[in-house]
Amino acid sequence: MAVLSFGQALKDALDVAMSKDDGVFIAGEGVGVSIHYNPNLPTHGLLEKYGPKRVKDTPVSEAAIAGLAVGASALGLRPVVEIMFFPFITLATDMLVNHAAKLRYLSGGKSSFPLTVRIKAGVNFAAGCQHSHNLEAWLAHSPGLKVVFPSTPADAKGLLLSATFDPNPVIVIEEMLLYWMKGEVPDGDYRIPIGEARIVIPGNDCTVVSYGGSVYTALEAAKALLDEGISAEVIDLRSLVPLDKVCLLDSVRRTGRLVVLHDAAKFGGFGAEISAIVAEEAFDALKAPIKRVAARDIPVPVSPPQEMFNKPSSEMVIAAVRSTVGKR
Amino acid sequence: MGSQQADVGLKKTMYEEMVLIRKFEEKLIELSQQKGKLVGMQILANGQEAVAVGIVKALQPDDVIVSNHRSHGHLLAKGADPKYLMAEIMGKATGVNKGKSGTLHMAVPEVNALMTTTIVGGGPPLAVGAGFAQQYRGTSNITVVFFGDGAAAEGSVHEAMNLAALWKLPIVFVCENNCWAGAQSLSEHSCLRDIAQRAVGYGMPGESVDGNDVEKIYALAKKMVLRCRNGKGPGMIEAKTYRMRGHGEHDHQHYVDKKELEEWSRLCPVKRLSESMLADGLVTEAQLQTIDRQIDAKVDEAVGFATESSYPLPEEALQDVWVEE
């Protein structure tokens, strides 16, 4: 066990994967020599260690980067490619949605595509809506893609390693603002099964479901709520596809209340799916209407007060939880 | 003498394969006119058989091809069994992809026809990945990707060709210029008459060839493939041919000049090869008729097999999304 930053934990995962299997290679814009030079970035130092054959800096060509991953995985390699900012995924979406996700199905199960796409996500770094736009609901809506969204250094490592060695295409969404956050990370080939949620803190009165960076918003709210005698259970989904419905439904059956939180826009967001599943499968256990806390249905703004206004806050979570337990 | 015999053998094989593709697709035309026989739209490469055969004949079995919506010829030339293709086209459980693909995106990994996509321009980025894997593993195999003049207008093709050239990937980009992208003729979607000129812009060689002359295509393919196999990087072949049918069988080509169709039908690649072999005394009329009958039997056998096969069960639609661990 070592104390690593989130970014270093991701790098550790890539390092372990590359040393274990020479079919693993990484590619993307600046994964070797980057305009963002920082030891806490996930590919930092890998070019020096593994050389340009396995650490491929690419042209600014998201479709070709994603196509590289699909085609190389069809021949048995394990590509781990990077999309520099989440909204840039739009340029790679055809390769992911129409190809990575569907070619195995179209082959009648004859082919497989063991690829990983790392997406650097983040809101509130004043880059504007073409660099900040969490589109996980799009990807989760494409059958054939697994989607994970870790929130801690240990989970980041464990999920990225599982993704790399998963026989299916896996999208790993990385919350960039967490790259500097430190935590204990198990050594070696540490893997977390994809599809298992984690109860971050147990509670009795209301389930708060979240993932990625918004888990910390949920924790902040839970801490404040405890002071007023409300015990919130915070669940970190970790994996959106496949989804740990057992953990989700068990929790709601115990607490009888649900608040869903994410940094993506509310309308058509992943929270709608969580809410619908609970409404369909645990309606009888609900003591109050489900609440969703999410970003506004606007492009992510730039100006600091507007950016803050848009991002779901712990106060919003506190208010939502209070309303479910009948407090104002 | 030995090489001459080999040459004769090769021509005969190429002829047989072209006839198989022609007859296979003519059967699809026939069946598509009968209600309930086939599923989905039939997108045919009638008149483009020489491209598939001439290119694939220059490959080795381990070489990979990436095909597109007009794939039957490519797959048959690569050695796919017509029985399983026909069953797939009928949506049957015995189809090459268990009925999951239908006619449009059949992949036949057994013969390294590894990926087929109907997304126009989707093939070249996939080929980049396949070619990368071949280079990465240090094999001498190469990848061929077939795409059309229409696809040449897609941004993904530009990205793929640029990256392939930059990394010297072993890929031959084969643009089958059949003069039509949907209902738009070449002059309506490109300022260039020769798509191969674009290769210069990526720093790779590009050559145009008569796409209805299988011998010329084969000769050019041999040259490009060898260069590629020797680590010199990708190349582009533009095979100038003609889409003799509509985009699909639903399209009756109301926008096509009938005189142009007649002119191109005189350039039929199958007829040209048979006439040249007859003129050179390499085959007799009787031998050609025998080949025709044998191929007819093969196509009929495929139709029989496919017709007698069952459909998959509805709930089998749930399978094959994921690799289960």
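This report describes the domains, interfaces and selected residues of a predicted model.

## Basis of the description

Residues are numbered from 1 along each chain as its sequence is written, chains are lettered from A and ligands numbered from 1 in the order in which they are written, and side-chain values use heavy atoms, with hydrogens and water left out. Because the model is predicted, local features need pLDDT of at least 70 and side-chain atom pairs count only at pLDDT 80 or more, whereas totals for chains, interfaces and linings use all residues.

## The two domains of chain A

Chain A is divided into domain 1 (2–185) and domain 2 (198–324), with bounds that come from an automatic or database domain assignment. The C-alpha centres of domain 1 and domain 2 of chain A lie 26 Å apart. Contact, defined as heavy atoms within 4.5 Å, involves 25 residues of domain 1 of chain A and 24 residues of domain 2 of chain A. The area buried between these domains of chain A is about 2000 Å², and carbon and sulfur atoms give 60% of it; buried area is the accessible area (1.4 Å probe) that two parts lose on being put together, summed over both. In domain 1 of chain A, the residues that lose the most area to domain 2 of chain A are A:Asn124, A:Phe149 and A:Ser151, together 26% of what that side buries.

Across the interface of domain 1 and domain 2 of chain A, the rule finds 2 salt bridges; a salt bridge is a side-chain nitrogen of Lys or Arg within 4 Å of a carboxyl oxygen of Asp or Glu. The side chains of A:Asp155 and A:Arg238 meet in a salt bridge, at 3.1 Å from N to O. The rule also finds 13 residue pairs in polar contact across the interface of domain 1 and domain 2 of chain A, both residues at pLDDT 80 or more. A polar contact is a pair of N or O atoms within 3.5 Å; within protein, one must be able to donate a hydrogen and the other to accept it, and residues adjacent in sequence count only if both atoms are side-chain atoms. On the side of domain 1 of chain A that touches domain 2 of chain A, helix H6 (136–140), strand S6 (146–148) and helix H7 (153–165) of chain A each supply at least two residues. Helices (H or I, at least four residues) and strands (E, at least two) are DSSP runs, numbered from the N terminus.

## The interface of chain B and chain A

The contact between the chains takes 39 residues from chain B and 46 residues from chain A. Between chain B and chain A, the buried area is about 3500 Å², of which carbon and sulfur atoms give 67%.

Across this interface of chain B and chain A the rule finds 2 salt bridges. The side chains of A:Lys110 and B:Glu110 meet in a salt bridge, at 2.6 Å from N to O. There are also 17 residue pairs in polar contact across the interface of chain B and chain A, both residues at pLDDT 80 or more. Strand S2 (113–116), helix H5 (123–136) and helix H6 (155–166) of chain B each supply at least two residues of the side of chain B that touches chain A. The largest share of that side of chain B, 9 residues, comes from H5(B). By class, the side of chain B that touches chain A has 21 nonpolar, 11 polar and 7 charged residues. Here Ala, Val, Leu, Ile, Met, Phe, Trp, Tyr, Cys and Pro count as nonpolar, Asp, Glu, Lys and Arg as charged, and the others, Gly among them, as polar.

## Backbone features

A cis peptide bond, with omega about -5°, joins A:Val241 and A:Pro242. A:Pro242 is placed in the loop between strand S12 (239–241) and helix H9 (245–255) of chain A.

In chain B, phi of B:Gln253 is near 55°, a positive value in a residue other than glycine. B:Gln253 is in the loop between strand S8 (235–240) and helix H10 (258–266) of chain B, and B:Gln253 is buried, with a relative accessible area of 10%. Buried means under 20% relative accessible area, exposed over 50%, and partly exposed in between (1.4 Å probe, protein chains only).

B:Leu10 is found in helix H1 (residues 2–32) of chain B and is buried, with a relative accessible area of 19%. Leaving aside neighbours within four places in sequence, B:Leu10 is in contact with B:Lys57 and B:Tyr218.

A:Val170 lies in strand S7 (residues 170–175) of chain A and is buried, with a relative accessible area of 0%. Leaving aside neighbours within four places in sequence, A:Val170 is in contact with residues including A:Leu115, A:Val148 and A:Ile194.
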